[in-house]
Amino acid sequence: MIGRLNHVAIAVPDLDAAAKTYRQTLGAIVSTPCDIPEHGVTVVFVELSNTKIELVHPLGDASPLKGYLEKNPAGGIHHICYEVADIREARDKLKASGARVLGDGEPKIGAHGKPVLFLHPKDFQGALVELEEA
Ligand code: CO
C-alpha cells in the first residue's frame, strides 16, 4: 500500500538555528520558513536527492507540536510521511484492519498542497505516520 518515503519531520525549538545547521553544517538546500496555519506549524523544507526533511516549529498556541517540544525540549523526530496513491482507499483499508486515524478521519491539505492524514503512533511501532496522496 505505501509507496515512497515523502519526508521525515523533525520538531525543532529554534527554526533559524536548525535551518542554519542543515544549510551550513550539512550543506543542504534549505527553503525559507513557511507558515501553515491549518496545521499549526512553521516549516523549513530541506531538499535531499531522494527525499525531504521538514524542520517543523509550533505556530500558534493550539499547535500540535507544543506538547511534543515540552516533552522533548531539544527537538526530535516527530513523524514520517509515506506516499499513497489513493488516500481515502488507504484510510478505509487501514481502519478496516484496526488502525486508528487521527482527527475526524478526513484528509486535510498538507504542507505540499496534497491531502494528508495522520495515523496513531501506538498502531505503528511508536512512530507517528503521515500519509500523503502522491
Ligand atoms: Co509531514
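## The largest pocket

Helix α2 gives the most to the lining of the largest pocket, with four residues. Helices (H or I, at least four residues) and strands (E, at least two) are DSSP runs, numbered from the N terminus. This is a predicted model: local features need pLDDT of at least 70, side-chain atom pairs count only at pLDDT 80 or more, and totals for chains, interfaces and linings use all residues. Residues are numbered from 1 along each chain as its sequence is written, and side-chain values use heavy atoms, without hydrogens and water.

The pocket's volume is about 640 Å³. Its lining has 32 residues, and the closest to its centre are His-39, Pro-64, His-78, Phe-118 and Leu-128. β4, β5, α2 (65-71), β6 and β8 each give two or more residues to the lining. A pocket here is an open set of 1 Å grid points where a 1.4 Å probe fits, with protein on both sides within 12 Å along at least five of seven lines; lining residues have an atom within 4 Å of a point.

## The nonpolar cores

The largest nonpolar core has 24 residues. Such a core is a set of buried Ala, Val, Leu, Ile, Met, Phe, Trp, Tyr and Cys residues joined through side-chain atoms within 4.5 Å; buried means under 20% relative accessible area (1.4 Å probe, protein chains only). Tyr-22, Val-30, Val-46, Ile-53, Leu-55 and Leu-131 touch the most other members. Helix α1 gives the most to this core, with four residues.

A second, separate core has nine residues, among them Ala-9, Phe-45, Val-56 and Leu-69.

Key. Buried means under 20% relative accessible area, exposed over 50%, partly exposed in between (1.4 Å probe, protein chains only). Grid points are joined across faces, edges and corners, and a volume is the space filled by probe spheres set on the points.
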